[in-house]
Amino acid sequence: MKSLLASAIAVFLCAVFTQNQTAPVAPKPGSAVELPPVKSLDSTVVALPKGDPSVKGVAICFTAAHCPIATAQLPALVALARQYSEQGVRFYFVDPNVKETTADLKELEARVHGAGPLIHDTEQLWTRALKVSRTTEALVIDGSGVLRYRGAFDDQFALGTRKPEPQRHYVKEALVAVLAGKAPALPETEPKGCLITPAARPAAPVPPSGEVHYHEHVAPVLRKHCVECHRPGEIGPLPLLSYDDADAAAAMIAEVVEQRRMPPWHANPQFGSWKNARGLSEEERSTLIRWASGARSEGPKPAKPADPAPAAPLWHIGAPDLVLTIPKQRIPATGKIDYHYVEVPTGLTEDRWVTAAEVHAGAREVVHHALIFVVYPKDRRHEQPPIDGGLNGGFFASLVPGERPNEWPAGTGKLLPAGSALLFQMHYTADGTAREDATQIGLVFAKEPPARRVVNRGIHQRKLNIPPGASAARFEARWKVSRDVEILAFLPHMHYRGKSFRYVLEHPDGREETLLDVPRYDFGWQATYIPEKPLQVSGGSTMRCIAEFDNSAANLANPNPKATVRWGEQSWDEMMIGYVDYVEK
Ligand code: HEC
């Protein structure tokens with residue numbers, strides 16, 4: 001106990017006096033673990049069981065209310081805890097975020113659902129004693145108090161990537177070994193969750209690097225580049241609205257900005273200029289990194305408080321003229337789920353032109369993406385543009401990870417004929433809890449028929465044959481553009497093995513021009529790229545889409561590097577589609 005206290009003080013001092021938290025060595029597998037008593041959320045004192053023969057093992061699992069990996073992983077963790085509690089393993093859930101709100105803790109406790117006590121480590125006693133740096137790190141201790149495993153829960157998630165399902169179940173494998181009285185084959189792996197912000201602050205930077213204050217320097221950058229998504233009701237997993245929000249997430253903010261993962265944007269800036277581009281200037285980056293990895297000063301409050309960030313609107317497209325909802329879909333807790341195809345009649349008695357469409361997932365946790373197609377009434381099938389009809393050929397509206405609503409420029413729109421239906425292609429991914437989904441689409445109609453009609457085409461290559469282990473298998477698809485068109489948007493689509501995607505235009509005179517280059521495609525962010533001005537493409541040009549796939553083990557998202565991969569709908573199959581929205585001239 002004494003040495004623990006001493007080491008806790010040492011950690012604290014190190015944290016205060018150096019930037020790099022050089023704490024004493026983290027307990028290694030094979031060493032005995034002792035922890036000070038702490039309190040669980042319901043105020044019960046929690047101490048590690050000692051000399052209790054009914055306790056065959058202990059699992060300490062770090063989690064948090066807002067880390068996307070912690071959230072995604074929790075259902076599987078809770079299920080494991082239930083299964084192994086019956087065999088004498090005690091589970092403890094620890095939230096090391098000192099600024100977690102009471103509401104967040106209550107919600108987290110509900111999700112832990114009695115599978116073990118939830119400890120809010122307000123002084124980071126366990127966090128520091130165990131030298132845990134990321135939420136989702138798990139530690140497995142055997143019945144005699146010896147650490148047997150520390151690291152990731154399984155191999156499904158890493159920041160920014162995920163496999164459709166885990167291939168290794170590290171914690172479970174460790175528990176099986178411990179219950180059999182053996183040492184686990186794999187005693188240590190790298191934890192994958194969000195960095196934990198140490199409660200103790202490093203010293204303020206020495207001039208001339210200058211002080212960075214939250215209100216004066218940091219808040220304006222967050223407001224401009226982050227709050228759009230990082231506020232309640234939007235897609236960002238944590239709020240970044242206040243000093244406390246940013247302070248709690250500081251370590252993670254420094255990491256995502258340093259690694260240029262946030263704000264999310266994947267186009268190579270060398271080609272094209274984009275209306276919806278995101279990015280920080282070098283100065284903004286440096287401000288965020290210096291503040292988040294420095295003293296995190298709040299600084300003077302502004303004389304006039306900044307206007308509160310507007311709440312997320314229910315519909316970003318404005319009040320829709322028509323909302324259609326799919327009948328309730330039941331999503332099982334686990335397993336592979338085939339696409340659901342659900343047809344919803346529009347009920348329209350006259351033709352309508354749609355200028356904006358927004359899809360709302362009913363059960364966000366399990367809706368991976370949705371593509372919506374128009375089905376023309378029988379007697380008008382001949383009018384249906386072939387490219388809008390065939391699945392994979394082109395879609396009407398979409399909901400893809402990280403994306404905003406579909407909106408088309410003034411004077412253009414998509415046709416929704418009287419008597420038509422919308423066909424929803426729903427891609428669900430199980431998240432450990434059985435759920436019901438009733439996804440909706442909201443549509444805004446043009447007041448009068450627009451001058452030009454927007455169509456969507458999928459330039460695709462179905463003859464995919466990606467060898468096992470290939471790190472850059474290259475495929476190409478082409479579209480011979482027969483008439484002059486204006487391109488309004490691009491959306492490259494591949495699955496987990498997607499590596500890079502380019503749109504190259506061959507002009508009629510043979511000149512080649514790269515229109516869009518996505519050097520590091522990310523399945524988690526299927527962005528739409530909207531050119532600053534619509535791109536003029538003359539008839540007789542050829543649009544080439546060039547994609548690379550990474551089927552090697554180095555691709556952390558790869559579901560199976562040993563498989564030969566072909567075209568298929570499921571995300572462990574592949575697709576190669578270069579969607580374009582365009583109008584004919
Ligand atoms: C377009 C929306 C969007 C914008 C803009 C955005 N984020 Fe995010 N952010 C997300 C989403 C979605 C996730 C969750 C990613 C996941 O689940 O893997 C995320 C995750 C994070 C995380 C958690 C760690 C992680 O990698 O999952 C941090 C920290 C973060 N963002 C900080 C920022 C900061 C700082 C900015 C501004 C400089 C910013 N974000 C801008 C949507 C956004």
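## Where the ligand sits

The ligand lies between domain 1 (23-179) and domain 2 (214-292), because both give residues to the shell around it. These domain bounds come from an automatic or database domain assignment. This is a predicted model, in which local features need pLDDT of at least 70 and side-chain atom pairs count only at pLDDT 80 or more, while totals for chains, interfaces and linings use all residues. Residues are numbered from 1 along each chain as its sequence is written, and side-chain values use heavy atoms, with hydrogens and water left out.

The shell holds 21 residues, and the closest are Cys226, Cys229, His230, Arg261 and Met262; to be near the ligand, a residue needs a heavy atom within 4 Å of it. By type, the shell splits into 14 nonpolar, three polar and four charged residues. Here Ala, Val, Leu, Ile, Met, Phe, Trp, Tyr, Cys and Pro count as nonpolar, Asp, Glu, Lys and Arg as charged, and the others, Gly among them, as polar.

Two polar contacts are worth a look (pairs of N or O atoms within 3.5 Å; within protein, one must be able to donate a hydrogen and the other to accept it, and residues adjacent in sequence count only if both atoms are side-chain atoms). A side-chain N or O atom of His230 is 2.7 Å from a nitrogen atom of the ligand. Over at Arg261, a side-chain N or O atom is 2.7 Å from an oxygen atom of the ligand.

## Helix 8 and what follows

Helix 8 (residues 250-258) is mostly covered, with eight of its nine residues buried. Helices (H or I, at least four residues) and strands (E, at least two) are DSSP runs, numbered from the N terminus. Buried means under 20% relative accessible area, exposed over 50%, and partly exposed in between (1.4 Å probe, protein chains only). Among the elements covering those buried residues are helix 7 (243-248) and helix 9 (282-292).

After helix 8 comes Arg260, with a positive phi near 60°. Then there's a cis peptide bond from Met262 to Pro263, with omega near -10°; Pro263 is in the loop between helix 8 and helix 9. Most residues other than glycine have a negative phi, and most peptide bonds are trans.

Thr136 has a phi near 85° and sits in the loop between helix 4 (125-129) and strand 6 (138-142). Thr136 counts as buried because its relative accessibility is 6%.

Arg296 has a positive phi too, near 55°, in the loop between helix 9 and strand 10 (322-325). At 5% relative accessibility, Arg296 is buried.

## Domains 3 and 4

Domain 3 covers 313-450 and domain 4 covers 454-585. Their centres, taken over C-alpha atoms, are 22 Å apart. In all, 27 residues of domain 3 are in contact with 28 residues of domain 4, where contact means heavy atoms within 4.5 Å.

Asn406 lies in strand 16 (residues 406-407) and is buried, at 12% relative accessible area. A polar atom of the Asn406 side chain is 3.0 Å from the backbone nitrogen of Ser398.

## The nonpolar cores

The largest nonpolar core has 50 residues, and Trp479, Phe490, Tyr503, Tyr529, Met543, Met576 and Val580 have the most contacts inside it. Such a core is a set of buried Ala, Val, Leu, Ile, Met, Phe, Trp, Tyr and Cys residues joined through side-chain atoms within 4.5 Å. Apart from that core lies another, of 36 residues, including Ile326, Val367, Ile372 and Leu415.
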